Amino acid sequence: MTTPITNHDDDKHDGALDEVLREQLLGSEEPADDGFSLRVMAALEPKGAVSPQQRRWARWARRAQWVAISAAAFGTTALVANTRGPLDMPHAVAAVALVGLLVFWSVPSRWSRG
Amino acid sequence: MTSGVPAAPAEAVVQEERLVARAAAGDRTAFAALVQAHQGYLRKLLGRVCRGDQGRADDLAQEAFVRAWRALPKFRGESRFRTWLTRLAYSALSAERPALPLVDDAPPELGADSDFAPGADWRIDLDRAMAGLSEAQRHALLLCYGADLSHAEAAQVLGWPLGTVKTQVLRAKAKLREQLQAWENTP
């Protein structure tokens, strides 16, 4: 931050007018705060607040998550329902993977949000 | 003007720099301290800019502080915080009235002598005389005398070249002197 530069008029003749201008324009009282600072602080948005664009993205991400959960649930159901007798290895792996994804997406914890 | 901008004590400058840095990092308490320190100055200046309409001046001042809060992380400290804040207030003013402030191209009226001696009613006379100035001249005077900014700082605030600010101040003072002398000589 720089210190103020003092380069006001260098004309020496304007002393009286300068004095009067200063007195008139600078001399009057500053308005009292009267709650102004509080109003300003109330009008500030919090730093790091979520922007509308971020909110839009989050909404789409939530929808995509629900679609993925539903797809995994349908997949698991279809897999288990269409199998007669004991599951063979590929089906069992697919079912476990789908159930795993289902749990991962639907459990609301930190690790499921990335 | 023979006297310059009064230099703020070094300690106060350092303290303000600390507050600005903390506020830029999101510290609301630090920003509240900055608001309290500068609100009086800014509202008074804007009150004059808005020709006494203090309600509008307060709205503009509030807008300037809100803009400052948003833009503080980008503030590099190349000018005083007060100058930067005044610039933000003028940006808010320009957004409201894009035509302001204009630089007028009228030829300088520098013919008046400088034997101005204020009479008893000089306050009223000066107010009347200032009402006759162009917008550009009024803004230049208000910033250089009413906000105690240097010409360079006023140029920054208005977005004008330094020479333009100096010319506008000279023209304004010549016009004021002429006007005041004319009234003084009127029987």
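A polar contact is a pair of N or O atoms within 3.5 Å, where, within protein, one atom must be able to donate a hydrogen and the other to accept it. The views below are taken from a predicted model.

View 1. A polar atom of the B:R43 side chain lies 2.9 Å from the backbone oxygen of A:A32. When neighbours within four places in sequence are left aside, B:R43 is in contact with A:P31, A:A32, A:D33 and A:F36 of chain A, and with B:Q54, B:A57, B:D58 and B:A61 of chain B.

**View 2. A nonpolar surface patch on chain A.** The patch is formed by A:V99, A:V103 and A:V107, which together have about 190 Å² of accessible area. A:V107 is found in the loop between α4 (89-106) and α5 (110-113) of chain A, and with a relative accessibility of 31% A:V107 counts as partly exposed.

**View 3. B:T167 in helix α8 of chain B.** Helix α8, in which B:T167 has its place, covers residues 162-185, and B:T167 is partly exposed at 32% relative accessibility. B:T167 and B:A140 are 27 residues apart along the chain, and their C-alpha atoms are separated by 9.3 Å.

**View 4. Two buried cysteines of chain B, B:C50 and B:C144.** The relative accessible area of B:C50 is 7%, so B:C50 is buried, and B:C144, at 0% relative accessibility, counts as buried too. A search of the whole structure finds 0 disulfides over all chains.

Technical notes
Residues are numbered from 1 along each chain as its sequence is written. Chains are lettered from A and ligands numbered from 1 in the order in which they are written. This is a predicted model: local features need pLDDT of at least 70, side-chain atom pairs count only at pLDDT 80 or more; totals for chains, interfaces and linings use all residues. Side-chain values use heavy atoms; hydrogens and water are left out. Helices (H or I, at least four residues) and strands (E, at least two) are DSSP runs, numbered from the N terminus. Buried means under 20% relative accessible area, exposed over 50%, partly exposed in between (1.4 Å probe, protein chains only). A disulfide is a pair of cysteine sulfur atoms within 2.5 Å. Patches are made of residues with over 30% relative accessible area and no salt bridge: like charges are joined within 9 Å, nonpolar side chains (Val, Leu, Ile, Met, Phe, Trp, Tyr) within 5 Å. Accessible areas come from the Shrake-Rupley method with a 1.4 Å probe; for residues, only the protein chains shown count as cover. A salt bridge is a side-chain nitrogen of Lys or Arg within 4 Å of a carboxyl oxygen of Asp or Glu. Contact means heavy atoms within 4.5 Å.
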